Amino acid sequence: MSIRFLISCLALGLLAAGGCAEWPKVVTDFDSSAEFSAFRTFAFSGITDRGKEVGPSDNSPLRGRIKEMVYEQLAAKGFRQVGVEDRPDLLVHIFFGVKDKQHVQSTGMTPGLYGPGYGWGPGYYGGGPGYYGRQVETYEYHDGEWDRVNSNRVTTYEERVGTLIVDLAVSSKKELVWRSVIKAALGDNLEENFQMANKGVAKAFKDYPPGK
């Protein structure tokens, strides 16, 4: 089975694991026929930043920090960085994007006097026939009056999710042999976002080179 087919399933794998996994979420795949032990040098071929193609000579400090994270992991694995013109064993390309996701939560009961799950209204005590089969009406106290409220509340919130993809391709053949997809929820603190990205990159390269 080719790496191209396997990589097409990475997004589905992230979604399947999304409900219980903690950020960052990392999925890595590789070409099992590649001789990873033969790779010793690498060069950055560029970065795709939110759809914009940027060359390897890019001097952006923010993108530079992402490249530095990847460099540190490769260097720790014994790789040496060279220029693209020096015929490296591997070309490294980085993709980065951000997407806003909207989430909707619905609660079946409005929190009442005794916290979530409790209501207050006619028939709450005493019940009568069929009481346990019907929903309790819910009230809130405002300015000396009890007002009936909708017992189904909907809360909408938005979340920014960043995706970082690291590709390793054989320079001589221009063939992709390794890819890692890293996803994380982004906050307003830039430094914390970089820490999350660094954690994801380290997790991606933890088991490199991959076993057969």
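Guide: The following account begins with the chain as a whole and then turns to the core, the aromatic rings and the neighbouring strands.

This is a predicted model, in which local features need pLDDT of at least 70, side-chain atom pairs count only at pLDDT 80 or more, and totals for chains, interfaces and linings use all residues. Residues are numbered from 1 along each chain as its sequence is written, and side-chain values use heavy atoms, with hydrogens and water left out.

The protein chain contains four helices and nine strands; helices (H or I, at least four residues) and strands (E, at least two) are DSSP runs numbered from the N terminus. Their order from the N terminus is α-α-β-β-β-α-β-β-β-β-β-β-α. Of the 212 residues, 37% are buried, where buried means under 20% relative accessible area, exposed over 50% and partly exposed in between, with a 1.4 Å probe and protein chains only. Contact means heavy atoms within 4.5 Å. Among contacts in the protein chain with a separation of 6 or more, 71% are between residues 24 or more positions apart.

Confidence should be kept in view. The pLDDT, the predictor's confidence in each residue from 0 to 100, has a mean of 76 in the protein chain, and 62% of the residues reach 70 or more. Helix H2 (residues 10-17) has the lowest confidence, at a mean of 44, and strand E4 (residues 80-81) the highest, at 98. Over residues 4-20 the pLDDT stays under 50, and the model has 16 contacts beyond four places in sequence for them. Residues 107-136 also have pLDDT below 50, with 49 contacts in the model beyond near neighbours in sequence.

Apart from neighbours within four places in sequence, Tyr208 is in contact with Phe36, Phe39, Lys77, Phe79, Leu90, Leu168 and Trp178. Tyr208 also belongs to one aromatic cluster with Phe30, Phe36, Phe39, Phe42, Phe44, Tyr71, Phe79, Trp178 and Phe205.

Rings of Phe, Tyr and Trp (its six-membered ring) pair if their centres lie within 6.5 Å; planes under 30 degrees apart count as stacked, over 60 as edge-to-face and the rest as tilted. By this rule there are ten aromatic pairs. One of them joins Phe42 and Phe44 edge-to-face, at 5.5 Å centre to centre with 90° between the planes; both Phe42 and Phe44 are buried. Another edge-to-face pair is that of Trp178 and Tyr208, at 5.9 Å centre to centre with 85° between the planes. This pair links distant parts of the chain, with Trp178 in strand E9 and Tyr208 in the segment after H4, 30 residues apart. Trp178 and Tyr208 are likewise buried.

Two strands pair if DSSP finds at least two bridges between them. E2 pairs with E4 in the parallel sense over two bridges, and Thr41 has Arg80 in E4 as its bridge partner. With strand E3 (residues 52-54), E2 pairs in the antiparallel sense over three bridges; here Asp49 has Lys52 as its bridge partner. The hairpin of E2 and E3 has two residues between the strands, and Arg50 there takes a positive phi near 50°.

Asn193, in helix H4, counts as buried because its relative accessibility is 16%; beyond neighbours within four places in sequence, Asn193 is in contact with Leu186 and Gly187. Lys99, in strand E5, counts as exposed because its relative accessibility is 58%. Leaving aside neighbours within four places in sequence, Lys99 is in contact with Glu159, Arg160 and Val161. The C-alpha atoms of Lys99 and Arg50 are separated by 9.4 Å, although the two residues are 49 apart along the chain.
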